[in-house]
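This report covers a single protein chain. It moves from the overall fold to the core and then to the charged pairs.

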Amino acid sequence: MSAEKDRVAEFSAFRQRMNERILAEDNQVVRRFFALDTQTYKAGALEVKTKEMLGLVASMVLRCDDCISYHIAQCKEVGVTRDEFFEVFSVGLVVGGSIVIPHLRRAVDFLDRLEGGAASEQAEGCGKHA
């Protein structure tokens, strides 16, 4: 497995393992929040693709690298193109300002790793939200 795929697989495995660990606890607040997050990204008046792109912009503005990586993977899974990604990135950059630039760098790096250098490859799924 290449270093690019290793990073994606490592991120996905850690996220899944820790979500399972967290949800194993008897805490209704945490469980309900995770459920609310999952419900939020289901199709409704807005399609899933739009919601994931909104999540990506919000994650960039909030400067959360884990969230950015997650939403990039989800966006790839629902068919966001490279051109669409860069429009989403530009919205995040304009809204968040120059402080977003380091996160934009990591976002593009993660996208490149997901694509394995080829813009046509599909992303590996990362499981449920949260």
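## Terms and basis

Buried means under 20% relative accessible area, exposed means over 50%, and partly exposed lies in between (1.4 Å probe, protein chains only). By that cut-off K76, at 5% relative accessibility, counts as buried.

This is a predicted model, in which local features need pLDDT of at least 70, side-chain atom pairs count only at pLDDT 80 or more, and totals for chains, interfaces and linings use all residues. Residues are numbered from 1 along each chain as its sequence is written, and side-chain values use heavy atoms, with hydrogens and water left out.

## Overall fold

The protein chain has six helices and zero strands. Helices (H or I, at least four residues) and strands (E, at least two) are DSSP runs, numbered from the N terminus. The order from the N terminus is α-α-α-α-α-α.

Of the 130 residues in the protein chain, 34% are buried. The chain exposes about 7,600 Å², and carbon and sulfur atoms supply 57% of that area. Accessible areas come from the Shrake-Rupley method with a 1.4 Å probe; for residues, only the protein chains shown count as cover.

Contact means heavy atoms within 4.5 Å. Take the contacts between residues at least 6 apart in sequence: 67% of them join residues at least 24 apart.

## Helix α3

Helix α3 covers residues 48-62, 15 residues in total. The expected span of a helix is 1.5 Å times one less than its number of residues. For α3 that gives 21 Å, and the end C-alpha atoms are 21 Å apart, which agrees. Just after α3, R63 takes a positive phi of about 60 degrees.

The buried residues of α3 are K49, K51, E52, M53, G55, L56, V57, S59 and M60. They pack against α2 (28-40), α4 (65-77), α5 (82-96) and α6 (101-115). Not counting residues up to four places away in sequence, L56 touches I68, H71, I72, C75, F85, V88 and F89.

## Nonpolar core

A nonpolar core is a set of buried Ala, Val, Leu, Ile, Met, Phe, Trp, Tyr and Cys residues joined through side-chain atoms within 4.5 Å. The largest one holds 22 residues, and L56, M60, I72, F85, F89 and F110 touch the most other members. α1 (3-23), α3, α4, α5 and α6 each supply at least two residues of this core. The largest share, six residues, comes from α6. In soluble globular proteins, nonpolar side chains tend to be buried together.

## Salt bridges

A salt bridge is a side-chain nitrogen of Lys or Arg within 4 Å of a carboxyl oxygen of Asp or Glu. The whole structure has seven. One joins the side chains of K76 and E115 (3.3 Å, N to O). K76 lies in helix α4 and E115 in helix α6, so the pair ties together parts that are 39 residues apart in sequence. E115, at 3% relative accessibility, counts as buried.

R82 and D112 also meet in a salt bridge through their side chains (2.6 Å, N to O). This pair links distant parts of the chain, with R82 in helix α5 and D112 in helix α6, 30 residues apart. R82 is partly exposed at 26% relative accessible area, and D112 is partly exposed at 31%. K76, R82, D112 and E115 are linked in a network of salt bridges.

R113 pairs with D109, their closest N and O atoms being 2.7 Å apart. These two are four residues apart in helix α6, so about one helical turn separates them. D109 is partly exposed, at 32% relative accessibility.
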